[in-house]
Amino acid sequence: MTIHAYKLHRAYSLFQGSANSLQSLFLLFVRLYWGWQFCQTGWGKLHNLPHVIEFFTSLGIPAPALNAYFVSGLEFVGGIMLILGLGGRLIALPLTIDMIVASVTADRAALLSFFSKPENFYAAAPFTFLMASLIVLIFGSGRFSVDYLIERYWFSRERDFVAR
């Protein structure tokens with residue numbers, strides 16, 4: 001390896017290390033902000049369940065009362081889990097499905113304008129919640145999370161067990 005190739009490799013390694021740190025900070029921001037938003041919407045729904053049930057009924061959602069309780073709890077508890085980074089990918093999956101269903105049922109006009117008027121689609125409330133859920137689902141909770149601490153503890157215990 002020439003000196004120039006070595007320097008290029010070293011520079012790229014430093015860049016990659018800083019990008020990984022930025023990724024964890026970005027994931028922390030996404031989790032904290034959107035976890036709080038999910039938590040607030042779930043809390044609001046939990047404290048206004050008759051209205052949520054009525055709204056779900058008007059949308060033709062099956063078992064509107066059951067779904068209102070489920071979605072309210074999912075968003076509230078899911079928001080807390082996102083904030084903590086606890087089971088990030090596990091909770092991001094049902095939150096993603098929740099936001100897809102919200103787009104299909106409550107914001108159908110925005111969804112149908114995906115190609116014709118995309119600004120209506122990405123301006124709809126479920127879109128940003130959906131993107132945040134997808135980010136955590138794809139990339140995980142990041143280094144600044146309970147998931148990361150559990151993983152480090154788990155692997156250190158496993159390493160100690162194998163060493164015996």
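Colleague: In which helix is Asp98 found?

Modeller: This is a predicted model, in which local features need pLDDT of at least 70, side-chain atom pairs count only at pLDDT 80 or more, and totals for chains, interfaces and linings use all residues. Residues are numbered from 1 along each chain as its sequence is written, and side-chain values use heavy atoms, with hydrogens and water left out. Helices are DSSP runs (H or I, at least four residues), numbered from the N terminus. Asp98 is found in α4.

Colleague: Which side chain of opposite charge is nearest to Asp98, and how far away is it?

Modeller: Asp98 is buried (under 20% relative accessible area, 1.4 Å probe, protein chains only; exposed is over 50%, partly exposed in between). Lys and Arg count as positive, Asp and Glu as negative, with His and the chain ends not counted. Asp98 has no salt bridge (a side-chain nitrogen of Lys or Arg within 4 Å of a carboxyl oxygen of Asp or Glu). The nearest side chain of opposite charge is Lys45, at 5.5 Å.

Colleague: Where is Ala63, and what is its relative accessibility?

Modeller: Ala63 lies in the loop between α2 and α3. Ala63 counts as partly exposed, because its relative accessibility is 42%.

How values were computed: Helix = DSSP H or I, 4+ residues; strand = E, 2+ residues; numbered from the N terminus.
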